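Let's take a friendly walk through this model, one chain at a time, and then look at where the chains meet.

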Amino acid sequence: MTKFLTLLSREVKSYFYSPIAYVILCFFLGLTGLCFYSGVGFLAQGPTEHTVIQAFFDSIPFWIGFILIFPPITMRLFSEEFKMGTIETLMTAPVGDWQVVLSKFGGALVFYCVLWLPTLLYFVIFQQIARADAANATGAYLGSYLELWMAGMLFISVGCLASVLTQNQMVAAVISFCVITFFFLGTLLTFFKPNIAPELRMLVSYCSVLEHMGEFSKGVLDSRRFVFYGSGTALMLLLTHQVFQFRRWKA
Amino acid sequence: MIKVENLTKRYAGFTAIKDLSFEVEKGEIVGFLGPNGAGKSTTMRILSSYMPATSGRASIAGFDVFSQSMQARQHLGYMPENVPLYPDMRVTEYLNYRAALKEITGARQRERVGDVKELCSLKDVENRIVGTLSKGYRQRVGLADALLHSPDLLILDEPTIGLDPNQIRQVRDLIRNLGKHHTILLSTHILPEVEMTCSRVVIINRGKIEAADTPENLVNTMRAAGGIRLEAKVGADDGVAEIGKLAGVKEVSVETEDGWSVFTLRTDARTDPREELWRLATDRRWTVRELSRRRATLEDVFVEMTLGDDV
């Protein structure tokens, strides 16, 4: 356990050693600030049944920005170690493969959570100024942040897999971007082709993060979503572990 | 300390090492030699549990490197080729991190990190960022890392590659000192270094062991151990004919150099015909300005073993 924490803390720190953490933080704060601003503007237009959190999260710039943050967070996790050769010093120390895979995943997840912390402030400010309790339901907060956290877990594990596949960080970024985008655009398929097979439609909606978000931001916790994100993440990490071993062993 | 039995590693399409077997006893400093691509790094990577062998077994301090890999790693300090380090960490921070990975914590961590910094002369760069260090310092950081958990065995893959002559000398002295308390397996291309530091040498070529012995024995068992040089004033053809008759002389070649003939003799391993040569020269009244013996070096052994078939 101490070894895992040592690895984890290095992963988290390594974000802040490089400018990448600050660039992502600035980009993300700017984006969420803009979304919050336009969300509040939407609520101010007149009576609506939306909560502030729905107005905040259900905007296209928000989702585009959301897709964009995962590749830069995850691309260097494994690629960099393979490229620099540090994987050799790391894996000849008495640490297990799973410890390394989970610490890299965990490190990215911690950074992802740090990214979200400042956004809590928006809602504190909103509550202080607007005093609109109806627009500020607790369930909506819990549901939305839980959904963001779980979607983050899945997408970070996708990023881990992309990163372990190649030593080129750009290639890793592009792979993870494509896979993550698929989870989003999947739901658009049903708009463009309304007459697709119902089984396919069910599958697409099962995987659609966008649709899940709609439910969660109303405060609805559906166990199917937990199963989806939990099993998806586990599968991605398992594949990451296998590829990790394979690449080291054939190298 | 190291036991390697019939180790084979095949990559897609080619065999890096074939049926390798050797042993390293406790307290030895063993030089692992071979041309580039001979399979040195592959063997070391298998020994360090970085990757598994295709077949065969290897153990360190009695622990199998594959099935008991964690215990084997506890007994081993490994420094990979080119010393990969995280460039964004500071020296002390990096060593603390590595110590924690090797389960050295608390007061013992402070003590060990202090010790290895002392041993590898890293005190004056302890707060520098690793990425800004010179090659020599990076090498020492790698070595300090390998020493952190005071392992019984050190495996060093080309510890002096890319260093300047002064740094090579420092690293060599350091290794010789370490040899008093640790068993060491090191690979290198700098052969005089091996002659000076290693108690035994294993030469591999194309994935197979060509020789394993002390440097002295290897040099002595060479087919032609060195040569003898004679510079004298005598007709080249006469000289060659006369010298060629001496016992133990296998081959004579000659060059002329401003009126002097320079003879180079190849002899049997254990004969030294210098005395007869001198007598011959005085009998025939040749004027001699040089008579010297060039001892064979490990370099000759290496070239003969690894290149012999092609030449």
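Helix axes here are lines fitted to C-alpha atoms over the stretch in contact, and the angles between N-to-C directions run from 0 to 180 degrees. Please keep in mind that this is a predicted model.

## Chain A: overall make-up

Chain A has twelve helices and zero strands. Read from the N terminus, its elements run α-α-α-α-α-α-α-α-α-α-α-α. The radius of gyration of chain A is 19 Å, close to the 18 Å that the globule rule gives for 251 residues, so chain A is as compact as a globular protein of that length. Along the principal axes, the C-alpha atoms of chain A fill a box of roughly 65 × 45 × 30 Å.

## Where the chains meet

## An open sheet in chain B

Turning to chain B, four strands form an open antiparallel sheet in the order E2-E1-E4-E5. Strand E2 (14–24) and strand E5 (63–64) of chain B each have a single partner strand and stand at the edges, so one side of each is left without a neighbour in the sheet. Strand E1 (residues 2–11) of chain B runs antiparallel to strand E4 (residues 55–60) of chain B, and five bridges join them. In this pairing, Ile2(B) has Ile60(B) in E4(B) as its bridge partner.

The sheet also has a helix packed on it: helix H1 (residues 40–47) of chain B touches E1, E2 and E4 of chain B. The direction of H1(B) makes about 115° with that of E1(B).

## Helix H3 of chain B and its two partners

Two packed helices are described by the angle between their axes and the distance between the axes. Helix H3 (residues 91–101) of chain B packs with helix H5 (residues 135–147) of chain B at an angle of about 30°, their axes 10 Å apart. Angles under 35 degrees count as roughly parallel, so H3(B) is roughly parallel to H5(B). Their crossing is right-handed. From H3(B), Val91(B), Tyr94(B), Leu95(B) and Arg98(B) meet Val141(B), Ala144(B) and Asp145(B) of H5(B). These contact residues divide into five nonpolar, no polar and two charged.

H3(B) also packs with helix H4 (residues 106–119) of chain B: the axes come within 10 Å and cross at roughly 125°. That angle makes H3(B) oblique to H4(B). The crossing of H3(B) and H4(B) is right-handed. Here Thr92(B), Leu95(B), Asn96(B), Ala99(B) and Ala100(B) of H3(B) meet Gln109(B), Arg112(B), Val113(B) and Val116(B) of H4(B). By class, the residues of this contact are five nonpolar, three polar and one charged.

Strand E9 (residues 200–205) and strand E10 (residues 208–213) of chain B pair in the antiparallel sense over five bridges. Which residue of E10(B) is the bridge partner of Asn205(B)? It is Lys208(B). E9(B) and E10(B) form a hairpin with two residues between them, and Arg206(B) in the turn has a positive phi of about 50°.

Terms used:
Residues numbered from 1 in each chain as written. Chains lettered and ligands numbered in written order. Predicted model: local features only at pLDDT ≥ 70, side-chain atom pairs only at ≥ 80, totals over all residues. Pairing = 2+ DSSP bridges. Contact = placed C-beta atoms within 7 Å. Parallel < 35°, antiparallel > 145°, perpendicular 65-115°, else oblique. Left-handed = near helix turned anticlockwise from the far one by under 90°. Nonpolar A, V, L, I, M, F, W, Y, C, P; charged D, E, K, R; others polar. Rg over C-alpha atoms; globule rule 2.2 N^0.38 Å.
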